[in-house]
Amino acid sequence: MKLAAPLLFATLSLLGTVTAQAQGKPLVYCADASPEGFDPGMWDSASTNIVSAQMFDGLLGFKRPTTELQPKLATSYEISPDAKSFTFRLRTGVKFQSTAWFKPTRTLNADDVVFTFSRFIDPNHPFNKAFPANFIYPQNLGLAKLIDGIDKLDEHTVRFRLKEPNVTFVANFAFAWAGIQSAEYAAQLLKAGKASQINVQPVGTGPFQFKSYAKDDVLRMTANPDYWGGKQPTTNLVFSISREPNVRVQKIAAGECHVTAALRDVDLASLANNPNISIEKIQALNISYLSFNLKKAPTDKREVREALDIAIDRNAIFKALFPRGDAMQAVSAFPPSVPGYNRNLKNEFDPAKAKALLAKAGFPKGLEIDLWALPVQRPTNPNGQLMAQLIQQDWAKIGVKANIKTYEWGEYLKRANNGEHNVYMSGWSGETGDADDFLTPNLSCAANKNGIKFCNAAFEKLIDEARATPDQAKRIALYEKAQEIFKRERPWITMAHSTVYIPIRKDVVGFKMAPNGSVDFEGVYRK
């Protein structure tokens with residue numbers, strides 16, 4: 001099968017005509033959290049991915065506001081009939097960003113693609129020896145086991161060979177973590193003994209490039225003058241980092257920022273009648289959930305996990321957290337709009353049964369656990385502390401004492417990945433509209449490096465088989481069976497799927513939301 005992707009120059013003349021209108025006005029985005037770093041492959045949080053997407057391009061991208069793939073650094077690609085070989089033809093003449101710390105001497109070629117992905121799959125790669133890194137998303141996908149080889153066929157052609165068929169594989173090249181790094185820049189860092197700087201001083205091919213960063217305060221980027229996609233109408237892009245949603249609301253109302261991170265349900269009313277603001281809306285591919293530590297007692301017992309799940313009064317929680325009624329209770333691991341959703345599954349609320357399950361698990365007098373509250377606000381979890389308090393009250397009724405804890409966002413993620421929790425709040429946003437985009441990165445054995453997450457042989461067999469078959473009806477049946485196992489084993493307490501709202505000032509032109517609620521400022525400007 002050959003899929004020749006169209007060139008993206010249709011919009012470039014438009015960018016040229018609007019540049020004069022933009023008059024160099026800075027564009028300020030009120031972000032909800034600091035980026036964890038600037039090496040795209042190392043991180044998988046939404047806040048960091050949004051930053052990476054401004055400075056790095058992948059081989060492919062998503063055509064906003066859809067899940068349709070479109071060309072970026074690759075102009076076309078071919079998929080073998082057995083879905084085990086993926087060949088990309090690279091765009092010629094693409095320049096890496098020229099910065100104070102790196103001056104490229106050549107344009108993008110196959111070496112850059114090979115370098116980027118070799119880091120993900122080869123722990124013995126020289127760069128990984130100098131700067132050992134945990135590539136969260138590639139690891140959770142099991143890329144090291146999946147990819148059989150990466151071949152440089154010529155200067156502008158790269159082939160990925162897989163050990164097993166994977167009909168969903170091509171979409172990975174559009175994700176933020178797959179932003180292409182400069183092999184030349186990496187070689188310079190390696191020679192200087194400064195490999196770790198790749199996560200501090202980024203160099204990509206994206207529309208904007210790094211200027212300066214003050215943690216928990218402000219990130220400044222400037223337009224990439226050599227961007228292959230054309231001159232950007234916005235010269236200065238600023239991420240003003242405001243953890244508190246009410247602060248972001250105040251700032252956009254006052255014109256101190258022009259686009260903000262997604263709003264909470266409760267914030268809409270204060271902006272709804274502001275004549276200078278419009279509110280973009282999309283039914284997002286997302287989920288919030290509470291993830292159990294499957295290695296640590298007492299949540300290593302299935303009966304305990306089920307008891308804690310069915311003791312929660314979701315109706316009461318939704319009334320408090322989503323008063324507008326724009327969120328949907330999550331039953332499975334992905335939203336009902338995704339093909340393969342099992343509509344036979346249901347949530348339960350049964351405190352009496354929960355008590356009986358605890359007794360069966362060996363806790364007739366109850367137990368004590370830690371419950372981690374999400375420290376950032378998300379559309380699917382607008383108030384982690386309030387959610388934790390409401391769950392704490394529900395659990396107390398079945399004899400469970402929950403100690404609520406939380407940490408700064410980066411510390412929260414690090415400690416959770418280390419398995420210090422019993423239960424922690426998390427979430428996920430998909431981009432492809434495919435079930436695999438939710439299941440493999442979060443619930444496969446590859447995502448369970450230290451035993452704290454879900455790894456079930458029967459579940460694994462079903463999602464592996466689903467990834468390998470192009471027959472949509474068979475894939476749907478396999479995913480429906482997999483969800484039955486998921487619901488029985490309860491690695492998560494599923495909470496919410498939400499509509500995502502992003503407010504923008506009305507002088508902002510060209511902004512389009514994505515299905516995961518993320519933002520992209522290529523071609524966006526203020527008139």
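A: What follows describes a helix pair and then an aromatic pair.

This is a predicted model, in which local features need pLDDT of at least 70 and side-chain atom pairs count only at pLDDT 80 or more, while totals for chains, interfaces and linings use all residues. Residues are numbered from 1 along each chain as its sequence is written, and side-chain values use heavy atoms, with hydrogens and water left out.

Helices (H or I, at least four residues) and strands (E, at least two) are DSSP runs, numbered from the N terminus. The axes of helix H16 (residues 457-468) and helix H17 (residues 472-489), which are lines fitted to C-alpha atoms over the stretch in contact, with angles from 0 to 180 degrees between N-to-C directions, come within 9 Å and cross at roughly 160°. H16 and H17 are therefore roughly antiparallel (an angle over 145 degrees). Where contact means heavy atoms within 4.5 Å, the H16 residues that meet H17 include Phe-459, Leu-462 and Ile-463, and the H17 residues that meet H16 include Leu-478, Ile-485 and Phe-486.

Turning to the aromatic rings, those of Phe, Tyr and Trp (its six-membered ring) pair if their centres lie within 6.5 Å, and planes over 60 degrees apart count as edge-to-face; by this rule the count comes to 37 aromatic pairs. One of them is edge-to-face, Tyr-412 with Tyr-424, at 6.0 Å centre to centre and 65° between the planes. This pair links distant parts of the chain, with Tyr-412 in helix H14 (residues 409-417) and Tyr-424 in strand E18 (residues 423-429), 12 residues apart.

Definitions and conventions. Rings of Phe, Tyr and Trp (its six-membered ring) pair if their centres lie within 6.5 Å; planes under 30 degrees apart count as stacked, over 60 as edge-to-face and the rest as tilted. Angles under 35 degrees count as roughly parallel, over 145 as roughly antiparallel, 65 to 115 as roughly perpendicular and the rest as oblique.
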